[in-house]
Amino acid sequence: MRSYKTAAAILLAALSFASCSDKASISGTVEGAAQKQLVVKQLDINVYKTLDTLTADKNGNFSYKLSVAKGQPEFIYLFYGQTRIAAFLLESGEKVSVKADTLGHYTLSEGSEGSLKLAEVDKAYADFTAQMLSNINDQAVLSRTYIDHYRACTKYVIENPYSLTVVPVLFETMGGGNPVFSQQTDAILFRNAADSLKTVYPESKYVKALSNEAERRLKEFEFNRRLSTAEELSFPEIRLPDIKGEVKALSSLDAKVILLHFWNVDDPAQKMLSIDTILPLYEDYHKLGFEIYSVGISTDKAAWGAIVSGQKLPWINVCDGLGAASPALYAYNVSTLPQSILIIDGELSTKKISGEKAIRAELDKLLRR
């Protein structure tokens with residue numbers, strides 16, 4: 001019986017240790033926040049998620065513990081009201097101590113390498129935004145400030161390939177939400193950063209988000225590169241995969257009239273439009289020189305493919321799986337869905353045509369029976 005109790009005690013101790021080993025802790029003092037509320041938030045890809053609300057003691061001291069999975073560090077932020085006053089990058093089991101004020105100035109008296117690096121990144125970004133705001137009316141200073149910061153950020157990302165702190169650097173924005181990294185060639189920097197971080201943090205949601213953004217930027221970069229090197233066309237080229245995975249170019253269609261159709265795969269009304277309106281048009285005019293190039297806007301290519309196959313849509317159906325981020329939308333300045341554009345004899349038509357009756361009238365003129 002004694003050996004059984006001993007084994008049970010060891011097991012309980014091991015379980016207790018395991019339950020604590022995934023904890024990280026933050027403690028510190030916030031000057032000016034005596035007996036005031038502090039909010040702990042977690043970065044959930046691109047939005048803040050509130051974890052808890054704390055009340056500092058009479059001296060402004062606070063402490064907080066949270067679960068952090070091994071191999072998946074978390075970006076944690078401390079807020080006073082609407083002001084972000086401290087930032088942390090916490091690994092499982094880490095302890096961080098901070099001294100801060102209610103204006104957003106803080107130093108780490110104890111902390112991990114990740115949190116210390118994040119503090120440097122945070123300060124550099126705060127200095128950058130402050131300089132941009134203070135020189136808002138001086139374009140020359142603004143340009144110089146941006147270029148200096150962009151170069152510093154690029155250098156930081158290159159020199160810290162295995163630090164998760166490069167993620168917030170790569171996603172920094174300026175006034176109006178414009179990204180600091182806005183050059184087309186930045187796609188390569190994003191891809192290299194994502195590839196390096198995957199070797200250290202393969203399960204991190206932040207690395208997965210960075211990888212997705214790198215893929216989006218690379219596709220947009222390749223699309224624009226092809227546009228710049230392609231034969232001159234009177235309309236922007238689109239080259240996207242169909243349901244068989246074969247790339248179909250808009251310019252490859254041999255038809256007198258092409259209906260370029262953008263639609264939201266997730267909208268039931270737009271799915272019915274394909275059957276009730278577009279399919280009859282195709283059946284009536286296809287043999288006369290009418291073709292359809294339909295761009296499905298969705299992030300779920302499997303669902304899109306199932307709909308196209310299920311509805312037996314006989315024209316060219318393509319999708320890149322990027323949803324609202326599809327470069328095809330930008331190329332044709334499409335802001336609302338559905339939207340259809342006519343290409344007549346290789347020329348992009350600027351004529352406004354609305355409704356099935358109007359389209360039929362136009363096709364009757366263009367494709368005489």
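At what angle do helix α2 (residues 113-134) and helix α3 (residues 139-159) pack, and how far apart are their axes? In this predicted model, the angle between α2 and α3 is about 165°, and their axes lie 10 Å apart. Angles over 145 degrees count as roughly antiparallel, so α2 and α3 are roughly antiparallel to each other. Their crossing is left-handed.

On the α2 side, the contact is made by Lys-117, Val-121, Ala-124, Tyr-125, Phe-128, Gln-131 and Met-132. Helix α3 contributes Leu-142, Thr-145, Tyr-146, His-149 and Tyr-156. By class, the residues of this contact are eight nonpolar, three polar and one charged.

The crossing of α7 with α10 is right-handed. From α7, the contact takes in Thr-277, Pro-280, Leu-281, Asp-284 and Tyr-285. From α10 come Glu-356, Ile-359, Arg-360, Leu-363 and Asp-364. The residues of this contact divide into five nonpolar, one polar and four charged.

The table sets out the two pairs.

| Helix pair | Angle between axes | Axis distance |
|---|---|---|
| α2 and α3 | about 165° | 10 Å |

Is Leu-288 buried, partly exposed or exposed? Its relative accessible area is 32%. Buried means under 20% and exposed means over 50%, so Leu-288 is partly exposed. The C-alpha atom of Leu-288 is separated by 8.8 Å from that of Ala-255, although these residues are 33 apart along the chain.

The remaining points concern the protein chain as a whole. It contains 10 helices and 15 strands. Its C-alpha atoms fill a box of roughly 90 × 75 × 35 Å along the principal axes. The radius of gyration is 28 Å, whereas a compact globule of 369 residues would have one near 21 Å. Of the 369 residues in the chain, 43% are buried. Among contacts between residues at least 6 apart in sequence, 61% join residues at least 24 apart.

Terms used:
Residues are numbered from 1 along each chain as its sequence is written. This is a predicted model: local features need pLDDT of at least 70, side-chain atom pairs count only at pLDDT 80 or more; totals for chains, interfaces and linings use all residues. Side-chain values use heavy atoms; hydrogens and water are left out. Axes are lines fitted to C-alpha atoms, for helices over the stretch in contact, and angles run from 0 to 180 degrees between N-to-C directions. Helices (H or I, at least four residues) and strands (E, at least two) are DSSP runs, numbered from the N terminus. Angles under 35 degrees count as roughly parallel, over 145 as roughly antiparallel, 65 to 115 as roughly perpendicular and the rest as oblique. A crossing is left-handed if the near helix is turned anticlockwise from the far one by less than a right angle, and right-handed if clockwise. Contact means heavy atoms within 4.5 Å. Ala, Val, Leu, Ile, Met, Phe, Trp, Tyr, Cys and Pro count as nonpolar, Asp, Glu, Lys and Arg as charged, and the others, Gly among them, as polar. The radius of gyration is taken over C-alpha atoms; the globule rule is 2.2 Å times the number of residues to the power 0.38. Buried means under 20% relative accessible area, exposed over 50%, partly exposed in between (1.4 Å probe, protein chains only).
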